[in-house]
Amino acid sequence: MIPAAPKLGAKAWILIDAATGSVITSHNSDMRLPPASLTKMMTALVITREIKAGRMKENDTVTVSENAWRTGGSRMFLDPGSSVSIHDLLKGVIIVSGNDASVALAEHAAGSESVFVGMMNATATTLGMGNTHFMNATGLPEPAHYSSARDMATLAAAIIGEGTGSYMLYAKKHFTWNGIRQANRNLLLWRNSSFDGLKTGHTEAAGYCMVASSHRAGRRLISVILGASSTHKRTAETEKLMGYGFRFYDTKTYVEGGEILTESALWKGKQRSIALGLLDDLTLTLPKNTNRKVETRFEIDGPLEAPIAAGTIVGRLELYDDGRKLGSRPLIALEYEEAGTWWTRWWDTMHLFFFRIIRNWFADTEIA
């Protein structure tokens with residue numbers, strides 16, 4: 001038996017496995033709370049997607065407006081009217097949490113911050129962030145500006161999963177602009193080399209917040225802390241969460257996608273059987289247990305009749321451990337199977353007709 005997850009000094013938290021999205025532990029993970037500068041993860045994601053789509057380039061220059069320059073809070077220390085590359089502005093947003101850089105990027109990408117916020121909210125919707133609504137690109141306090149621990153974890157997973165070069169910026173410890181050297185506020189970057197992101201945030205309303213990612217021995221976990229009481233507290237609580245997840249849980253691929261797992265009878269086909277498997281790997285995050293004995297069960301929506309296209313869902317694969325379901329995935333046809341001759345189709349149609357009559361008769365008998 002594994003011990004219970006730690007109770008933390010924060011309003012809400014969550015710990016997930018980045019590969020599977022499985023929740024290891026959470027508390028108030030869907031509570032709507034102010035995310036402070038965690039907001040800038042979405043600002044950066046929207047910009048990197050614009051770059052990936054070819055609508056912007058990293059070396060494009062942005063003219064800093066007076067509006068961006070006047071934005072309060074944490075700053076990159078941009079000069080009004082200066083020209084700055086998108087890449088440098090991303091550094092200002094990600095490494096030193098510059099509000100001025102966030103607004104400058106928003107205005108460049110969409111013409112105004114308000115239009116850019118619409119892009120942020122649209123992206124949140126596509127990611128399934130149902131408890132998130134942005135009002136600005138910075139995270140500065142607004143009554144209708146909120147998110148949740150689960151949504152922030154979803155956003156972090158998207159940033160990591162897209163594998164853009166900008167993710168490396170989250171691990172940078174310092175950034176210098178205009179002769180001013182500032183440190184990344186993520187103290188974990190100094191404490192443990194397994195941490196390579198992501199973002200911290202703080203306002204009086206939000207408290208001290210942190211989204212962290214740690215990669216150890218081929219596994220990556222993502223944690224979110226919202227509403228801690230201090231910089232030290234959010235850092236210490238993140239370390240507790242990560243330590244618990246890596247110590248007591250493991251992620252393993254139990255079934256590989258594309259492999260032939262079973263064969264099923266095929267009616268009306270040129271071939272008399274069809275190979276079945278999974279489209280993708282079945283990878284699960286579970287409590288560590290050296291005595292786990294996984295049982296595979298197949299449920300096929302038969303009888304299967306040709307023609308059947310590759311990728312057609314024909315049933316489900318389920319994994320069990322001592323009668324407890326661990327997970328399931330759609331079972332698919334791994335290859336195209338064409339229809340047989342007219343004689344095969346006619347013969348099998350007759351057999352299936354009588355087969356269904358007998359099956360229905362037995363079903364009615366059992367009910368009676």
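Ring pairs join Y244, F248 and Y249 into a cluster. Rings of Phe, Tyr and Trp (its six-membered ring) pair if their centres lie within 6.5 Å; planes under 30 degrees apart count as stacked, over 60 as edge-to-face and the rest as tilted. This is a predicted model, in which local features need pLDDT of at least 70 and side-chain atom pairs count only at pLDDT 80 or more, while totals for chains, interfaces and linings use all residues. Residues are numbered from 1 along each chain as its sequence is written, and side-chain values use heavy atoms, with hydrogens and water left out.

**Aromatic pairs**

The whole structure holds four aromatic pairs. One of them is Y167 with Y170, a tilted pair with 5.6 Å between centres and 35 degrees between planes. Y167 is buried because its relative accessible area is 11%; buried means under 20% relative accessible area, exposed over 50%, and partly exposed in between (1.4 Å probe, protein chains only). Y170, at 2%, is buried as well. The pair of Y244 and Y249 is tilted because its centres are 6.0 Å apart and its planes stand at 55 degrees. Y244 and Y249 are both buried.

Helices (H or I, at least four residues) and strands (E, at least two) are DSSP runs, numbered from the N terminus. Helix α1 covers residues 40-52, and its 13 residues should span 18 Å at 1.5 Å a residue, which agrees with the 18 Å between its end C-alpha atoms. The expected span is 1.5 Å times one less than the number of residues. Eleven of the 13 residues of α1 are buried, including M41, L45 and I51. Elements that cover these buried residues include α3 (86-94), α4 (99-110), β7 (195-203) and β8 (207-216), where contact means heavy atoms within 4.5 Å. Just after α1, G54 has a positive phi of about 85 degrees.

G163 follows α6 and has a positive phi near 60 degrees.

**Salt bridges**

A salt bridge is a side-chain nitrogen of Lys or Arg within 4 Å of a carboxyl oxygen of Asp or Glu. The count comes to 14 salt bridges, and the table lists some of them.

| Pair | N to O distance |
|---|---|
| R150 and D30 | 2.7 Å |
| E318 and K325 | 3.2 Å |
| K270 and E338 | 4.0 Å |

R150 lies in helix α6 and D30 in the loop between β2 (23-27) and α1, so this pair ties together parts 120 residues apart in sequence. R150 is partly exposed at 31%, and D30 is partly exposed at 39%. K270 is exposed at 55%, whereas E338 is partly exposed at 36%. In the remaining pair of the table, E318 is buried at 6% and K325 is partly exposed at 42%.

V255 lies in strand β10 (residues 249-255) and is buried at 8% relative accessibility. Not counting residues up to four places away in sequence, V255 touches L261, L278, D281, L282, L317 and L319.

W347 belongs to helix α9 (residues 342-367) and is partly exposed at 42%.
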